[in-house]
Amino acid sequence: IRGKYLIPGLWDMHVHISADGTARVYPRFIAQGVTGLREMWDFRNTTVDSFRVRQHAIMAGTRIGPRGLGPTVDVVSTQINPAIGFPPSGVPEDAARIVDSLKAAGLAFLKMHDDFMPRDIYFALARAARRVGIPLVGHSVFEVSDVELADSGQRGIEHFFDIRCWFPPAPKPWPRDTIAENACAVDAAAALVRNGTWITPTFAKYGTARSSRVYQDGQRMVRTLRRLGVTRFLAGTDYNDQTFSENVSLKELQY
């Protein structure tokens with residue numbers, strides 16, 4: 001066949017489709033050439049078994065869909081959930097017990113999903129995750145700098161607005177391209193490179209608003225980090241049926 005070519009299967013490294021209502025889009029990923037997904041859905045909303053059942057069917061050829069890396073769980077310090085989360089009175093001493101239970105459940109990784117988590121609890125979770133060998137990824141914590149996050153062993157940062165050099169936890173970010181921002185970027189880039197930390201910017205979520213301030217800031221962040229030697233970026237869309245409509249979804253993501 002002339003005029004055709006093959007490429008390796010694509011991976012979408014940040015999706016939320018393990019809920020029963022959205023798993024129907026699996027074949028649409030295959031139609032776009034996406035043969036692998038990193039599932040970032042919250043374990044609390046479904047079950048680890050539902051993800052595994054679907055993946056077993058896909059690998060057995062009885063269901064059409066991409067293979068998936070997962071499942072994960074959102075770690076939130078302020079939400080009452082005895083099974084997997086800290087209660088409001090959570091203390092660092094709970095971290096080892098919780099991480100051990102999640103490791104035993106066979107989770108592929110833990111996802112930080114609490115920007116307001118106290119520093120001591122965050123670092124306790126990071127230590128516990130390192131001890132049992134389960135990767136810690138996800139959002140960053142307002143009280144933890146980019147350098148501290150990378151040095152803690154967190155393997156990946158999801159969403160460009162979780163890089164605190166550009167989106168600090170102040171009442172409003174400092175002006176663009178200031179001395180403070182650039183100095184922070186140099187230190188952050190060095191830590192990211194030193195620790196091999198991955199970044200998944202999830203730009204597609206803002207693809208319909210490319211003139212927006214947040215999108216432009218994200219583009220500047222990636223350009224700056226690349227200039228400073230950061231190369232570990234992953235392509236992820238943050239796809240879910242609340243972000244993208246049924247009619248838009250994968251077509252506008254333009255893999």
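Reader: Which residues are linked with D115 and R164 in a network of salt bridges?

Author: D162 joins D115 and R164 in that network. This is a predicted model, where local features need pLDDT of at least 70, side-chain atom pairs count only at pLDDT 80 or more, and totals for chains, interfaces and linings use all residues. Residues are numbered from 1 along each chain as its sequence is written, and side-chain values use heavy atoms, with hydrogens and water left out.

Reader: What makes D115 and R164 a salt bridge?

Author: The rule asks for a side-chain nitrogen of Lys or Arg within 4 Å of a carboxyl oxygen of Asp or Glu. In D115 and R164 the closest N and O atoms are 3.9 Å apart. The pair therefore meets the rule. D115 sits in the loop between β5 (110-112) and α4 (119-132), and R164 in the loop between β7 and α6, 49 residues apart. Helices (H or I, at least four residues) and strands (E, at least two) are DSSP runs, numbered from the N terminus.

Reader: Why can such side chains pair at all?

Author: Side chains of opposite charge can pair when their charged atoms come close.

Reader: How many salt bridges does the rule give?

Author: The count is eight. One of them joins R38 and E158, at 2.7 Å from N to O. R38 lies in strand β2 (residues 34-39) and E158 in strand β7, 120 residues apart.

Reader: Why is R38 called buried?

Author: Buried means under 20% relative accessible area, exposed over 50%, and partly exposed in between (1.4 Å probe, protein chains only). R38 has 6%, so R38 is buried. E158 has 1% and counts as buried too. R164 is buried at 7%.

Reader: What sits over the ring of F109?

Author: The charged end of R38 does, 5.7 Å from the ring centre. The rule wants NZ of Lys or CZ of Arg within 6 Å of the ring centre and within 35 degrees of the ring normal.

Reader: How far apart in helix α3 are D94 and R97?

Author: They are three residues apart in α3 (residues 94-104), so about one helical turn separates them. D94 is buried at 17%, whereas R97 is partly exposed at 48%.

Reader: How do you know that C165 and C184 form a disulfide?

Author: A disulfide is a pair of cysteine sulfur atoms within 2.5 Å. Here the S to S distance is 2.0 Å, so the pair qualifies. A search of the whole structure finds one disulfide. The link is left-handed, with -80° about the S-S bond. C165 lies in the loop between β7 (156-158) and α6 (179-195) and C184 in helix α6, so the link ties together parts 19 residues apart in sequence. C165 is buried at 0%, and C184 is partly exposed at 25%.

Reader: Why is the pair of F160 and F161 called edge-to-face?

Author: Rings of Phe, Tyr and Trp (its six-membered ring) pair if their centres lie within 6.5 Å; planes under 30 degrees apart count as stacked, over 60 as edge-to-face and the rest as tilted. F160 and F161 are 5.6 Å centre to centre, with 70° between the planes, so the pair is edge-to-face. F160 is buried at 0%, while F161 is partly exposed at 23%.

Reader: What makes F160 and F167 a tilted pair?

Author: Their centres are 6.0 Å apart and their planes 55° apart, so the pair counts as tilted. Ring pairs link F160, F161 and F167 into a cluster.
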